[in-house]
Amino acid sequence: NGKSSPTTRRPRTNDGWWALVFIGPLALGIAVFYIWPIIQTAGFSFTSFGVFGDATFAGMENFVRLFSEPEFYLSLGNTLLYTGIVLLGVPIAVMLASLLNLPGLRFASLYRVLFFLPYVAMPTAIAFVWRIIFNGDFGLLNYALGFFGIEGPYWISTPGFAIVAVAIVGLWSSLGFSMIVLAAGLKAIPPTLYEAAALDGASRWRQFRAITVPLLTPSIFFVTIITVIAGFQLFDLLYAILGTTATNASLPRSMSLVYYFYQAGFVNNEKGYAAAVAMIIFVVIGIVTFLQFRLQRRWVHSD
């Protein structure tokens, strides 16, 4: 018929190479700085290191010892207690973020900055201030309790109170990050929902319970995940406030899982045993995070 048939365009074969160019550096960094250290630590957990750094295969010896040590269960309990107290900051952050999101509130941006400052401050600087507040002799907290006739304890040097004191600081310093994330979630809620609820006669409290909290659950879930993971990684704040076992007698009964790992690996020089502790921390965080993702289907609002 004299007409040439249209030719099919051949797919470009170099698109996959461009994807590797962009993804490759990130994947390489993750493999070198995350995946390989995990594999290496898993291998070290089955070994025993001598005085001169020579490693010998020890099988399950480190794990058997770990699960028979009372200090491990004590540090696990302290970590769970710290994480539970810090999680109380999530509903507090929801309330504060909602208050700062009220229309017509003056200096709302300034308040957000003031709440966020503790999150970006150095842990050593935070610890120095709170050590003064928690001081048993002239601390501000015990001074305030004295007005109510309560004799405050030596907070950071008394077993039982020390981990609670650190958790209070952790809760206070994490509020800013939680509020920023929740404030972004509040901006995504359509104002028309509040207007319709107000026309129906719903109070602000009713609007908060029926609109704000359900539609904010994805942000609440994200903040909860981050808070739990950070809680199980507690070390720098604990070390900065309580110090070492040589300077604080309450520390052996107040250490977290990561501090227990530090004590075994860098103080007692038991690298194989410390690697086993690190793997248990890794597994515990993975299990807790998995359970959170499974349970989120029951309470997180989805569009």
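Visitor: Is T79 buried or exposed?
Guide: T79 is buried, since its relative accessible area is 0%. Buried means under 20% relative accessible area, exposed means over 50%, and partly exposed is in between, using a 1.4 Å probe and protein chains only.

Visitor: Before we go on, what sort of model is this?
Guide: This is a predicted model, where local features need pLDDT of at least 70, side-chain atom pairs count only at pLDDT 80 or more, and totals for chains, interfaces and linings use all residues. Residues are numbered from 1 along each chain as its sequence is written, and side-chain values use heavy atoms, with hydrogens and water left out.

Visitor: Okay, where does T79 lie?
Guide: T79 lies in helix 3. Helices here are DSSP runs (H or I, at least four residues), numbered from the N terminus.

Visitor: And what is T79 in contact with?
Guide: Leaving aside neighbours within four places in sequence, T79 is in contact with G231, F232, S256 and L257. Contact means heavy atoms within 4.5 Å.

Visitor: What follows helix 12?
Guide: N269 follows helix 12, and its phi is positive, near 60°.

Visitor: Changing topic: at what angle do helix 3 and helix 8 cross?
Guide: Helix 3 (residues 70-87) and helix 8 cross at roughly 40°, and their axes come within 8 Å. Axes are lines fitted to C-alpha atoms, for helices over the stretch in contact, and angles run from 0 to 180 degrees between N-to-C directions. On the helix 3 side, the contact is made by N78, L81, Y82, I85 and V86, while helix 8 brings I163, V164, V166, A167, G170, L171 and S174.

Visitor: How many of those are nonpolar?
Guide: The contact of helix 3 with helix 8 has nine nonpolar residues, three polar and no charged. Ala, Val, Leu, Ile, Met, Phe, Trp, Tyr, Cys and Pro count as nonpolar, Asp, Glu, Lys and Arg as charged, and the others, Gly among them, as polar.

Visitor: What about helix 4 and helix 8, how do they pack?
Guide: Helix 4 (residues 89-100) and helix 8 (residues 161-187) pack at an angle of about 50°, with axes 8 Å apart. The two are therefore oblique to each other. Under 35 degrees counts as roughly parallel, over 145 as roughly antiparallel, 65 to 115 as roughly perpendicular, and the rest as oblique. Their contact has 13 nonpolar, three polar and no charged residues.

Visitor: And helix 3 with helix 4?
Guide: Those axes come within 5 Å and cross at roughly 15°, so helix 3 and helix 4 are roughly parallel to each other.

Visitor: How many residues has the largest nonpolar core?
Guide: The largest nonpolar core has 57 residues, and Y82, V166, L182, L237, I241 and L242 have the most contacts inside it. Such a core is a set of buried Ala, Val, Leu, Ile, Met, Phe, Trp, Tyr and Cys residues joined through side-chain atoms within 4.5 Å.

Visitor: Which helix gives the largest share of this core?
Guide: Helix 8 does, with twelve residues. One of the core residues with the most contacts is V166. Leaving aside neighbours within four places in sequence, V166 is in contact with Y82, L234, L237, L238, I241 and L242.
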